[in-house]
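Here are some exercises to work through with the structure on your screen. Try each task yourself before you read its solution.

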Protein chains: 2
Amino acid sequence: MFTSRKRARSAVDHSAENAGASTGMSRRRLLGAAGVGAAVGAGAAVGIPAAARAASATPSPDLAYPFYGEHQAGIVTPAQDRLHFSSFDLQTTSRAELVALLKAWTAAANRMTQGAAAGQFGPTGGSYDGPPDDTGEAQGLPPSGLTITFGFGPSLFEGKRAAALGTAGKRPPALADIPAFPGDTLDAAQSGGDLCIQACANDPQVAVHAVRNLARIAFGTAHVRWSQLGFGRTSSTSTSQQTPRNLFGFKDGTANLKAEDPGLLNDHVWAAAADGAPWMAAGSYLVARRIRMIVETWDRTSLREQEAIVGRDKGEGAPLSGGTEFTEPDFARTGREGKPLIATDSHVRLAHHTTNSGAQLLRRGYNFVDGTDNLGHLNAGLFFLAYQRDPRKAFIPMQTQLARSDALNEYIRHVGSAMFAVPPGVRSADDYIGSGLFA
Amino acid sequence: MFTSRKRARSAVDHSAENAGASTGMSRRRLLGAAGVGAAVGAGAAVGIPAAARAASATPSPDLAYPFYGEHQAGIVTPAQDRLHFSSFDLQTTSRAELVALLKAWTAAANRMTQGAAAGQFGPTGGSYDGPPDDTGEAQGLPPSGLTITFGFGPSLFEGKRAAALGTAGKRPPALADIPAFPGDTLDAAQSGGDLCIQACANDPQVAVHAVRNLARIAFGTAHVRWSQLGFGRTSSTSTSQQTPRNLFGFKDGTANLKAEDPGLLNDHVWAAAADGAPWMAAGSYLVARRIRMIVETWDRTSLREQEAIVGRDKGEGAPLSGGTEFTEPDFARTGREGKPLIATDSHVRLAHHTTNSGAQLLRRGYNFVDGTDNLGHLNAGLFFLAYQRDPRKAFIPMQTQLARSDALNEYIRHVGSAMFAVPPGVRSADDYIGSGLFA
């Protein structure tokens, strides 16, 4: 029932392939824990003894992250498992109404991240005659590591209304326009937006509840432009986390920036007062790209081809130049006929900071499946989220290179795009999100 | 920023409303644990002491349910938290190819539910030159309570191809056509199908991996017709589980059938040999309805109205006739002016077995949010799944009554519909799913 899909490619040396292929039926956990060289008898009984699995670090449902702080939570916070992301269009031109919305969002976000309801469960004032100030579907659920992160899109600073909103002339230089890349097939309805909310939690009902209540609070002032659920994280943002897999089945984000390296975060993630927009100091810039993956085609591609395209082996996630997952790729190393072991058009090479003038991103993306398209294919992919100090020096040049040459492009389509300035954290209960913009 | 949405309704007695309204800002877990009468100081600090929360029974990630058995798993199995459901259209008219597909699905489903890969991680035969026999995104993940449940749609038994497929004349009488109900706005592209797969797990990546690999195995024989992810269960199927909440914020499935009552399951869920299709004995019939919820309108409806429509109070889930969540509703009890405390058009009354000739369903539905519609509303709702011995005596008459009179209809739209005969379990490694149909 399989169709083997082959195409002409330069030969790639697979010195480890026999070991990999001889593992027979691999067991999910075992392969991850023991590495690609583990030889498991192909005829062994199905099932994995629990003891053979690496201990999984499941976060406590009672985990609650502080809302107040120098930076917004949800950036270097260890990436939670589930996402609800929403982009909003503003419906008002009143600065006072925008500030009131941001204050109301700030108060509700603080409450919800601490495991409380968005407002009173009954209506404000205590009567049954109004709608409840919380929609209720998270009643009984613990905080679940919820973080809520807010951002401002370029459109908030542009056009006639900017003067009335008090945002005219305050657009940060780093909040650049994302250029059109070769191969982009963007849907405007899934792109852009004046405001964004990223809700991450280890329980999706808690993340959905957060966005839904913030949308409810915004009623009449801003409405949802587009919205994306992510069911599984595709990056680690802390050395305490195992590297997850994307829907191509490969480990993703191995070389990601991590919370444990504040020096790199200061260089690559946190905006500074000197960067041109003092109100953004300790904030960051978020690029969101909805990347559709053509998984049905990928699934009919040979393992050799898949690994050559990615530049890593599929089981362990080791670079094809050798070693294990966290071994640095050796792009100079060659195999048969003097060809590089990591192909020149492989994803790992083109995305690596050494091929991008040292630029690095803090990736925080999620897998998604949104039903089926009209061809009977899963509408699946990666909702790419990346934080950075300056997209002009990070995402934009990296994606320019990837869009031009990445071998993965045959299997992906960028269908949504947005960028947001993510202001610094709220310092105290007297403060509100983005207050520096309106000071 | 709120709009209070009111409409004329008969007065409903809310004797408990003052107690409810006086709880001030309710804390998610506390309200669920302590009930509607708990008085919490409105000025208390935000945040919930962990000790105040009911212990949550989080299933172990290593939980693996047996695949072989009298019944298929995934019916009375304690409802897992996440769902990926897919409906398939058959592309072959060959009985041999259909049977080969069912055998391949059976083998892969057995392996995946036990935490193993769908096939060999490398291609069958051990070469790197074919596609892997597992897509890889669940490598490293534990079984996560995965169950995979298969069903056959009415269309499999109809038309010219049924003779070639060996299904002609074998359609079970209980696999009835679902009539058009008043208010239905069904999308054919989200309805029907020859085959279905329900994958439930406590990790969505595990559920998605299962459906995706079964779709990959079906390549050339069957393709996905429609697919639905559910992020949160809306029913308990075991007395060991807490009642979850739907996206109207109410507890759902309080009066559901439970695994712990085999007598009721035999009466209402499991098909018997004498029911007209001997090959379906120990199987069941699944009705799937995609129910869009107009949450933005609901969220602007008063708490009084919401509770009157549902017939239960929102905090505790107690019937409006009094008591606590599991108190039987007293439909005869009246309040002010002699009007029934539980309104005649309330959902709980019209769906209750005492108003439906004793009919009961085993509900197993899930909350969904699929982005945003073109009005800027969350594309959210309930993916209703219900198992029953005979839909002609259960879902169909119940939905006939609800579609006609349920006060909830103003806030919901049925947009997808399907029914499937879910055959008995696979007894051993020599058996395959639906073998009785081809015996």
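## Exercise 1: one face of a helix

Helix α10 (residues 395-405) of chain B has B:F395, B:M398, B:Q399 and B:L402 as buried residues. Your task: work out why these buried residues line one face of the helix.

Solution, step by step. Start with the words. A residue is buried if 20 or more other C-beta atoms lie within 10 Å of its own, exposed if 12 or fewer, and partly exposed in between, with C-beta atoms placed from the backbone. Helices (H or I, at least four residues) and strands (E, at least two) are DSSP runs, numbered from the N terminus.

Now look down the axis of α10(B): the buried residues fall within an arc of 90°, so they sit along one face. That arc is taken from the directions from the helix axis to the C-beta atoms. Next, see what lies over them: the cover includes β6 (284-293), α9 (347-351) and β9 (378-388) of chain B. Contact here means that the C-beta atoms of two residues, placed from the backbone, lie within 7 Å.

A quick note on the model: it's predicted, so local features need pLDDT of at least 70 and side-chain atom pairs count only at pLDDT 80 or more, while totals for chains, interfaces and linings use all residues. Residues are numbered from 1 along each chain as its sequence is written, and chains are lettered from A and ligands numbered from 1 in the order in which they are written.

## Exercise 2: a strand and its partners

Task: which strands does β1(A) pair with, and in what sense?

Solution. Two strands pair if DSSP finds at least two bridges between them. Strand β1 (residues 82-90) of chain A has seven bridges to strand β3 (residues 195-201), and the two run antiparallel. Within that pairing, A:F85 has A:Q198 as its bridge partner. β1(A) is also joined to strand β4 (residues 222-230) of chain A by eight bridges, again antiparallel. There, A:H84 is partnered by A:L229. Finally, check the cover: eight of the nine residues of β1(A) are buried.

## Exercise 3: a hairpin

Task: how many residues lie between β8(A) and β9(A), and which residue in the turn has a positive phi?

Solution. Find strand β8 (residues 366-372) of chain A; six of its seven residues are buried, so the rest of the structure largely encloses this strand. Five bridges link β8(A) to strand β9 (residues 378-388) in antiparallel fashion, with A:Y366 opposite A:F383. The two strands form a hairpin with five residues between them, and A:G376 in the turn has a positive phi of about 75°. β8(A) also pairs with strand β5 (residues 232-233) of chain A, antiparallel over two bridges, where A:R233 stands opposite A:Y366.
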